[in-house]
Amino acid sequence: MDKIRINLYELLLCLSNAQDLVSHDLSNHHQQVAYLSFRLAEQLRFPTNQQKSIFLAALVHDIGALSVDEKLEIIDTESLNINNHAFKGAKLLEKFKPLQEETNYIRYHHLPWNNGEGLKYKGNDVPFASHVIHLADRVCVKIDLSKNILSQLPEILSAIIKDKNTLFSPILVDALIELSKKEYIWLDLISNSPVDKLSKDSFEVLVLEIDDIVDLTSVFSQIIDFRSEFTALHSAGVAVTARKIAELVGFSPLECKMMLIAGYLHDLGKLAIDNDVLEKPSKLNDDEFNEIRSHTYYTYQLLDNIKEFKTINTWASFHHERLDGNGYPFHIKGDNLSLGSRIMAVADVFTAITENRPYRNGMTYESTIDVLNNMVKNGGIDGKIVGLLADNFNDINDIRKDAQAKVFEQYNKILETK
Ligand SMILES: [Fe+2]
Ligand SMILES: [Fe+2]
Ligand SMILES: [Fe+2]
């Protein structure tokens with residue numbers, strides 16, 4: 001069995017919600033833009049399939065804004081670099097085949113209309129859908145949640161109309177004017193979860209190959225890791241380490257791929273944590289440690305929305321739980337920690353201490369095994385798994401290094417994207 005029935009919409013919503021955890025200024029940005037883009041496409045009577053594609057693309061349109069600064073920059077209309085995160089986002093998503101069309105929409109979502117010249121970029125065709133997302137995005141960033149949405153509409157509209165033809169296609173501006181007459185749309189838009197207000201009948205469950213899910217979640221892992229050069233390769237290392245240990249333990253091929261996916265996602269909740277805390281090389285103070293302790297809680301909550309990921313979620317989110325109950329945040333103990341969760345805990349520590357970071361080199365074999373054995377002695381992690389790791393140390397360490405070297409190459413390519 002190499003296929004998983006999964007709702008791609010649920011997966012992307014999870015990524016979108018994770019992205020919006022980064023800053024309060026961004027709360028719901030992706031959901032809002034997805035909602036409004038969908039309404040514009042519907043108003044213009046685009047074919048249902050295209051409405052759906054525009055919606056999915058808008059749901060993750062800013063995933064290329066990796067650092068917090070970049071994420072805040074997306075709110076600033078005047079920024080010169082505004083195209084950069086759009087191209088980076090497309091680069092990240094490129095390898096996920098089921099979203100090829102959507103990737104192209106994302107690539108050009110900041111291109112000005114320029115009297116129709118915005119339908120081309122350096123000789124390539126630009127989808128009209130990109131312009132839909134562009135307009136929706138610019139409308140959403142103008143909304144001030146502290147004021148009444150309906151009272152703000154005239155001002156927002158006149159700002160948009162001012163840029164008709166230059167920034168925005170006239171067809172889209174006219175569609176927006178039509179939408180502005182319907183109060184419910186704007187009330188939906190500022191609600192807690194605008195996308196829940198849409199009927200999702202057209203978002204049928206897709207049967208995806210497990211390898212497609214591996215590809216998409218590896219994109220997730222890069223969004224988590226590329227925020228900081230300090231941890232840019234961490235999830236990739238944890239994922240392949242956990243998969244290798246799972247293989248040695250005798251997990252089935254499908255379970256091994258699920259372990260890989262869980263590894264890619266284990267630190268998803270770190271998107272909610274301040275970079276200054278993540279990057280602090282010295283000891284964390286109490287406040288900072290409390291912030292860190294929340295990340296696996298968020299990983300769990302985000303993945304909990306994907307029904308098919310029940311097992312993957314427990315393997316991913318319990319990596320800081322300890323056998324003696326002294327881990328966090330759920331304090332799950334002993335036999336209640338499944339073999340998969342125990343493997344992830346070991347893979348996480350192993351990767352964290354063996355990988356090089358800008359401020360220190362990774363540990364040698366002896367020191368690594370010492371640290372792990374001490375944790376076994378203190379009742380934190382599983383001795384059998386650590387034994388297996390010690391017996392296969394070179395093999396596993398090479399697999400980790402190779403995977404991280406490959407991701408390092410991609411990391412540099414993404415940074416160069418223009
Ligand atoms: Fe953007
Ligand atoms: Fe945006
Ligand atoms: Fe973690």
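Predicted model: local features only at pLDDT ≥ 70, side-chain atom pairs only at ≥ 80, totals over all residues.

**Metal sites and selected residues**

Around the iron ion (ligand 3), the 4 donor atoms subtend angles of 82 to 165°, and the arrangement is therefore irregular. Donors here are N, O and S atoms within 2.8 Å of the metal (3.2 Å for Na, K and Ca), and because water is not among the atoms, sites may look incomplete. Four donors count as tetrahedral if all angles lie between 85 and 135 degrees; four count as square planar and six as octahedral if opposite donors are over 155 degrees apart and all others between 65 and 115; anything else is irregular.

Residues are numbered from 1 along each chain as its sequence is written, chains are lettered from A and ligands numbered from 1 in the order in which they are written, and side-chain values use heavy atoms, with hydrogens and water left out.

Which residues supply the protein donors of the iron ion (ligand 3)? They are Asp267 (OD), His295 (NE2), His319 (NE2) and His320 (NE2), at 2.2 to 2.4 Å from the ion. Their spacing in sequence is D-x27-H-x23-H-H. Asp267, in the loop between α13 (253-265) and α14 (275-278), and His320, in the loop between α17 (310-317) and α18 (339-354), link distant parts of the chain, 53 residues apart. Helices (H or I, at least four residues) and strands (E, at least two) are DSSP runs, numbered from the N terminus. Asp267 and His320 are both buried, where buried means under 20% relative accessible area, exposed over 50%, and partly exposed in between (1.4 Å probe, protein chains only).

I turn to the iron ion (ligand 1). Its protein donors, 2.1 to 2.2 Å away, are Asp62 (OD), His85 (NE2), His109 (NE2) and His110 (NE2). The 4 donor atoms subtend angles of 80 to 173°, so this arrangement is irregular. Asp62 bridges the iron ion (ligand 1) and the iron ion (ligand 2), which lie 3.5 Å apart. Asp62 and His85 are buried.

Finally, consider His234, in helix α12 (residues 234-249). With 5% relative accessibility, His234 is buried. Its side chain makes polar contacts with the side chains of His266 (3.4 Å) and Asp348 (2.9 Å). A polar contact is a pair of N or O atoms within 3.5 Å; within protein, one must be able to donate a hydrogen and the other to accept it, and residues adjacent in sequence count only if both atoms are side-chain atoms.
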